[in-house]
Amino acid sequence: MPNLIRHFDKILTWAAIVLGGSALAFMTIFSVWNVLIMRKAMNNPITGAEDLLLLCLVVIVALSVGLGSRTGAHIEIEILESKMSVWFAKWSLIFVKILGIGVLTIMSQQLWHAGQKAVKFGETTQQLLISYEPFYYLLAVSIAIYTFVLLLDIFQVLRSGKVEKLAINGDVL
Amino acid sequence: MISLATIGILGLLTLFVLLALRMPVALSMLFVGFTGTIIANANKFLSIGMDSDQAWSRGWKIAYSNLAGETFEAASNFNLLVIPMFVLMGSIAGASGMSRDLFTAAYRWMGHLKGGLASATIAACAGFAALSGSSLASAVTMGRVALPQMKRYKYADPLATGSVAAGGTLGFLIPPSGGMIIYAVLTEQSIGKLFMAGIIPGIVLTLLFIAAIYLVVLRKPESGPPGERATSSEKWSSLLGALPILLVVVVTIGGMYTGFFTPVEASSVGAFFTFVVALIMGRLDLQKMKVIILESMSTTATVFLIIIAAFVFIPFMALTELPAQLVTILTSLPIGDFGVLLIIILVYLFLGMFLEGIAMLVLTIPVVIPIAIGLDWDLIWFGIIIVIILEMGMISPPVGINVFVVKSIAPDVPMGQIFRGIWPFWFAMAAMIGLLILFPQIALFLPDKLVGG
């Protein structure tokens, strides 16, 4: 299982670097090009620029939620942890992670379901009329990845009593 | 059948229990928001005489629809494009060592004064805050640069660590501020106006921090001995070193203030120019670029998941009518607007001792904003007050997050000493809130002047 986590971290990290990095670069350069060159200098803004930036944002959010679940980006309040017995700390952590798995599974399933209905309900961007369907799926997969990370967390807690997070500056790079 | 208000109270209690059990804030809000929506809606339908099976089935249906709909709405909110862009800008500034240039410039100009190194730290933090929206990033990057210098000149540990912890909080107030973006989105206020409203309080608070340092060294001169006096040429060359950063700030924030860019455009332009400046200065390599991307993605995840959760949680709170009832109770008390504001501030200060800033912001907004609206307060002005109170929480014991960050950089300084060092700055923030209450124009002058209210 530790090998599985290591491989999983590598995939998440490289997906974030390559796909996330490309999305961030596209968003930055495209937005600057549209604003400074096309709109301000040439008075001819790119049609549908907002649509593309918006979809790019969804991609970044989808990629980041999965990565964030491994880097410990999701804020927890740990003030009472030192007051808990080891047994209580361990099992209460497992309990809340199971609750989390429950709600995230429903969320992922509902996002997928909404994606299936996106075409039927005409959910598209405003100018370029790009369907939201694949982007719903992307978010659904991202939430499913978070669910999987919570499962891995439970495994780690049962095995060693704590969750080892992915360090951004760590060896995986 | 239970009343909607009772469901709201039970929901809040459940939320706090889950938070205490270390469930991530976003997941706790999602769980309570989702289950609460089912129960509250089912109860509502039952109360109008609907069949039990049908009422519960409708409750589930609404909650399902909310969960997917609100998630996609948050993830595809065009205004929120500023988050990854400003986060990217801050990450590039941090990784490329721009904080060091800012500190060097401030140090050369102020370092020879008593307490000058601590004041230089505050000034550099304020400058870095204009590139980064995160108080943690400001405290970490500036702490690594400033603390070794202050140690070298034998600064008292409380003053040295306190100035870094407090200076870092300026990242939350001086635009671009992550806290302000979240506040703006959740309260449907203009991000640009909030950014503008933060600039004068940010400058005044910086000056108050420097005044606090002055008072500390006046009482105990040995706590902040003067450093070496820089020559004139050293001073000007340091300023030249910080010039590219200042240019980025002027282009980005200035462009936004003059209406040349929208906040969304300013965020992209800012990230782009920060990258170009870092590249020209030869401060970026492949490894740093990877860290910048991963940091940006990770911070984006933190903020977005919390916003998504807030989008699910806030409609549940509104459904329970709990905030509305609280407004009625508070406005009927014979304490006036000021009394209500004082209660809100005290509650925030109390919560700030235990909760992280952004978490506290999203958790309290559904309850507090209806009160502010009910009392006809300006939500821009109120937002600035909230942001400063959240800053106070970041350095308040026992869970002042910036204090923990400073502790990680200065592990040899006991926690008690760091907390002792933050009090002058804490009182400076309290004074800032007092000033904002007495003179709301400190916050409202710029937004009113530049975009006509």
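## Stop one: cysteines

Start by selecting B:C125, which is buried at a relative accessible area of 0%; buried means under 20% relative accessible area, with a 1.4 Å probe and protein chains only. Before you move on, know that this is a predicted model, where local features need pLDDT of at least 70, side-chain atom pairs count only at pLDDT 80 or more, and totals for chains, interfaces and linings use all residues. Residues are numbered from 1 along each chain as its sequence is written, chains are lettered from A and ligands numbered from 1 in the order in which they are written, and side-chain values use heavy atoms, leaving out hydrogens and water.

Next, pick A:C56: buried too, at 9%.

## Stop two: A:A114

Now jump to helix 3 of chain A, residues 86-118, where A:A114 sits; helices are DSSP runs of H or I, at least four residues, numbered from the N terminus. What does A:A114 touch, leaving aside neighbours within four places in sequence? Select A:Y136 and B:A68: A:A114 is in contact with both, contact meaning heavy atoms within 4.5 Å. A:A114 is buried, at 12%. Then show A:A140, 26 residues away along the chain, and you'll find its C-alpha atom 9.5 Å from that of A:A114.

## Stop three: chain B

Of the 453 residues in chain B, 60% are buried.

How values were computed
Helices (H or I, at least four residues) and strands (E, at least two) are DSSP runs, numbered from the N terminus. Buried means under 20% relative accessible area, exposed over 50%, partly exposed in between (1.4 Å probe, protein chains only).
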